[in-house]
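Student: I have a model open here and would like to talk it through with you. Could we start with the terms and then go chain by chain?

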Amino acid sequence: MALVEVKGVSKRFGGLTAVSDVDLTVNAGEVHCLIGPNGAGKSTLFKLIVGLYPPSQGSILFDTVDITAERPYARVQRGMSIKMQAPSVFKELPVRQNIQIALQERLSGAERIAEEDRLLTLLNLGPDSDKLAGALSHGQQQWLEIGMALALKPQLLLLDEPTAGMSPEETFKTGELIKSFNAEGMTVLVVEHDMAFVRQVAQRVTVLHLGKIFARGDLESILQDAKVAEIYLGKTHAH
Amino acid sequence: MSAEVFSVFYQFADVFAFLILSAAGLAIVFGMMGVINMAHGEFIMCGAYVTVGLVNLGVPLAIAQILAALTAGLIGVAVEFLIVRRFYKRPLDSLLATWGLSLIVTQSMLLIVGSAVRGIGTPEGSFAIGGYTFSTYRLVLFGCAVAVLGGLYIVFMKTRFGVIARATMQNAAMAKALGARTGRIYSISFGIGTGLAGLCGALYAPTMTLIPTMGATFVVESFVTVVIGGANVLLGTAPAAVFLAIIRMALNASYGQIIGQIGMLVAVILIIRVLPEGLSSVLVRRGR
Amino acid sequence: MFKLLEGPQTLGRGKIFWSCFLAVLAGALTYPLFADSYDVGNFAYFLIWIFMALGLCLMWGYGGMLSFGQTLFFGIAGYGYGVLAINMGGGTATIAALALSVVLAMVAAGILGYFMIWGGINGIFFGIVTLSATLVLAFFLGQTAGPEWHIGPARLNGFNGMKGMDPLAVGDFYIEGSALYYVMIALIVIVYLALRMLVNSGIGNVIVATRENPQRAEMLGYDVRKYQLLTFVIGSGLAGLSGALYTSWGQFITPSSIGLPAAAMPIVWVAFSGRSDLTATLVGSFLLLFGFQTITVYSQQAALVLMGALLLATVMLAPQGFVLGIGKLAADWWSGRRPRDDGAVMAEAGRLQSEES
């Protein structure tokens, strides 16, 4: 069953068309990766799904409801949860309070404190829970933000390059974490260009190129797709 | 008939000149540095007092006015160097610092000069069209407002300083990396801004009572014009002034000054709901 | 619920803090017993302004919204109380006039706040739009000298201001002098403790989260605009409470308590005290009001010059506020002796240091 349906969505900035007539379906229960070379329009598409931009054309459905005109907070209340690309935490508040702000609508009292402890331990942030979030390392801030996104216990977890700035070990642990939440029934949409990470977590993959859908399918078929390899190799050559 | 048309134009020109002259200096400082100079009204007051002081010493009015604008500009450069410079990364703090300065200046003036200063009276001269009489000086003010806009256009679009200043406005770090002395650009821009405030005070000095708190008369108009106009003086402030002048003129004519001012404020509050980035965002977008 | 009296958003916790609090309160309550009534009246006068300062502290320090409109709502409620008290007659109706005038200020704040917050106005522009509205109200009231400007029997009276309303009263008993003083003390205790509970509650969490990073707060499912509006309405309502109490205290109000330089005063108190903490604002504002009043007796201009200089000095030397800075030093010294509180104080200090970024 489709949890997210992006139907014929385009986004233009002045003369630039960042996303052009894109259709995308994320099924309930899957880990779906959105990949593509730099400038493919991945982040723009992500922001359209999240509600940070209104699309120039097309519509976006969540759980069969049209959410195209809804602001981000309303989408979150419907069961989405979002982690943006750059770590975005409440830097001048303690780590635990960051988690608390994410949890407080769902749990209260002793239950909430137990869940805070559980998440902090899960994210290896237990010893730093009284530190200010801004004092954490870049990788730890990414973890904290993933923790805040998970605290909402969403139906759909949206992650924009969650492993940026993480070491390979941290990246691997993040992947395992995502898989474990998926095993409990959470749907995940990840924008990512680290292919090792995509191999680790993805079940289905959509490839964007120059603002359009370039290919889509299960992980295996995309990995073996020669054309996909080519646009990625092209990117490698360009470097 | 043409007398009525001219009368409407005259009223428009009067309000427009007031808006442009009181806002131009504030808008330049905001546009260049993102700083709202809360002591803007005090630079206007400074311009007015210097003008009146010089005229009372026997200096011809026009020369006194130019000297007053220069004085305000130089004081502005000093204020930038001593205070504002520290706060470019903390725009809210620059607001507070200049507000503190404004309090110090106004109240010290009240202590030292007292509240009453002998005025110099509006330059005589009027002309009649149809059955209406118009003050020539009011048209001179309109001419000055247009000249200020023209002068700013030339300075910012046609001179080397203007090119560097606009580059600094767009991306200060980049301009600095390319060798622009951004510190000096900021000093000069602040000086131009306060100089224009001084000019405003100098030009209106003959038309009003001089009191140390006279700056407050101008700040509402200058604030709302900048709020609507956004960061771009030429593309923002000028059209904002046209727009606000039309509203103000219509309300002034039917209901009087104070309702005109209230109406202008209400219009501004409604506009920010619809156009959060100000009028210039619409104009710039259309221009592309 | 009382657990919320202490929390990450407020300085001061534990037995020692609350013992000090009770000691100060006891001192305040016994003060009229050994002071003459003139001094008690003066004291009550300082206390009037505390609400306005606490309201600004909530909006600016906690919510990150620098409103220059405290005297706007002070004026709306102050004139509102006058008009209502004159129209409804004296006696117990004045209590209703007080409540209604505060509601009036909150409704006005709701309308202005809606347009600004939904219009995405923040930072500097929030300040100058609120200040513009404040000055326009002051100019307007200054123009209402003529007899045509009246609401019922209440004349607005231009620059000379409105007068002739009854002070707060219950039946035949006028709440003046010591009685008014005790009412003020009670209100301040209630407002101070209620604000502590608010900022340490879930709502307070969202308010500070919005100050820190509005987009992140929205991405956690909060409609941050509603929280900002709530903050603005409460903060402005407290300014309204000050205004209504002021009119009742002196039985007059003039446009000069709305316009410049009055509008700058709450900013000076809160900036000097330390906007990020309610207790610092409470203590600092009281000290400044006391000092200001002492100097005003000799020269009002000199007192205002001093206020301007204090604002300038605060921004240049101690952007987080002088009272808070001294309080932090004291807390550091204390925690040096008692390591138990170390983490909390560090978290607090860090929060304050990095606030500017």
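Tutor: Let us begin with one cut-off: a residue is called buried under 20% relative accessible area, exposed over 50%, and partly exposed in between. Please also keep in mind that this is a predicted model.

Student: Okay, so with that cut-off, is A:Asp21 buried or exposed?

Tutor: A:Asp21 has a relative accessibility of 53%, and because exposed means over 50%, A:Asp21 counts as exposed.

Student: And where does A:Asp21 lie?

Tutor: A:Asp21 lies in strand β2 of chain A, and its phi is near 50°, which is a positive value in a residue other than glycine.

Student: What sheet does β2 of chain A belong to?

Tutor: β2 is part of an open sheet of 4 strands in chain A, with the order β2-β1-β4-β5 and antiparallel pairing. Residues 16-27 make up β2 and residues 65-66 make up β5, and these two strands stand at the edges with a single partner strand each, so one side of each has no neighbour in the sheet.

Student: How many bridges join β4 to β5 there?

Tutor: There are 2 bridges between β4 of chain A, residues 57-62, and β5 of chain A, and the two strands run antiparallel. As an example of the pairing, A:Leu61 has A:Asp66 in β5 as its bridge partner.

Student: What's in the loop between β4 and β5 of chain A?

Tutor: A:Asp63 is found in that loop, and its phi, near 55°, is again a positive value in a residue other than glycine. With a relative accessible area of 30%, A:Asp63 is partly exposed.

Student: Zooming out, how many helices and strands does chain A have?

Tutor: The secondary structure of chain A comes to 9 helices and 10 strands. The C-alpha atoms of the chain fill a box of roughly 50 × 40 × 35 Å along the principal axes, and its radius of gyration of 18 Å agrees with the value near 18 Å that a compact globule of 239 residues would have.

Student: What about its surface and charges?

Tutor: The accessible surface of chain A is about 9,900 Å², and carbon and sulfur atoms account for 52% of this area. Chain A carries 24 positive and 28 negative charges, whose mean positions are 4 Å apart.

Student: Switching to chain C, how many helices and strands are there?

Tutor: Chain C has 14 helices and 6 strands. Its radius of gyration is 20 Å, close to the 21 Å that the globule rule gives for 357 residues, so chain C is as compact as a globular protein of that length. The C-alpha trace of chain C spans about 65 × 55 × 40 Å along its principal axes.

Student: Which peptide bond in chain C is cis?

Tutor: The bond from C:Leu260 to C:Pro261 is cis, with omega near 0°. C:Pro261 sits in the loop between β6 (252-253) and α10 (265-273) of chain C.

Student: Now chain B. What joins β1 and β2 there?

Tutor: In chain B, 4 bridges join β1 (residues 126-129) to β2 (residues 132-135), and the strands run antiparallel. They form a hairpin with 2 residues between them, and B:Gly130 in the turn has a positive phi of about 60°. B:Ile129 stands opposite B:Tyr132 in β2 of chain B.

Student: Where is B:Ile246?

Tutor: B:Ile246 is in helix α10 of chain B, residues 233-255, and at 45% relative accessibility it counts as partly exposed.

Student: Last one: which chains share the most contacts?

Tutor: Of the 2 pairs of chains in contact, chains B and C share the most contacts. Chain A and chain B do not touch, and their nearest C-alpha atoms are 8 Å apart.

How values were computed:
Residues are numbered from 1 along each chain as its sequence is written. Chains are lettered from A and ligands numbered from 1 in the order in which they are written. This is a predicted model: local features need pLDDT of at least 70, side-chain atom pairs count only at pLDDT 80 or more; totals for chains, interfaces and linings use all residues. Side-chain values use heavy atoms; hydrogens and water are left out. The radius of gyration is taken over C-alpha atoms; the globule rule is 2.2 Å times the number of residues to the power 0.38. Accessible areas come from the Shrake-Rupley method with a 1.4 Å probe; for residues, only the protein chains shown count as cover. Lys and Arg count as positive and Asp and Glu as negative; His and the chain ends are not counted. The place of a charge is taken as NZ of Lys, CZ of Arg, CG of Asp or CD of Glu. Two strands pair if DSSP finds at least two bridges between them. Contact means heavy atoms within 4.5 Å. Buried means under 20% relative accessible area, exposed over 50%, partly exposed in between (1.4 Å probe, protein chains only).
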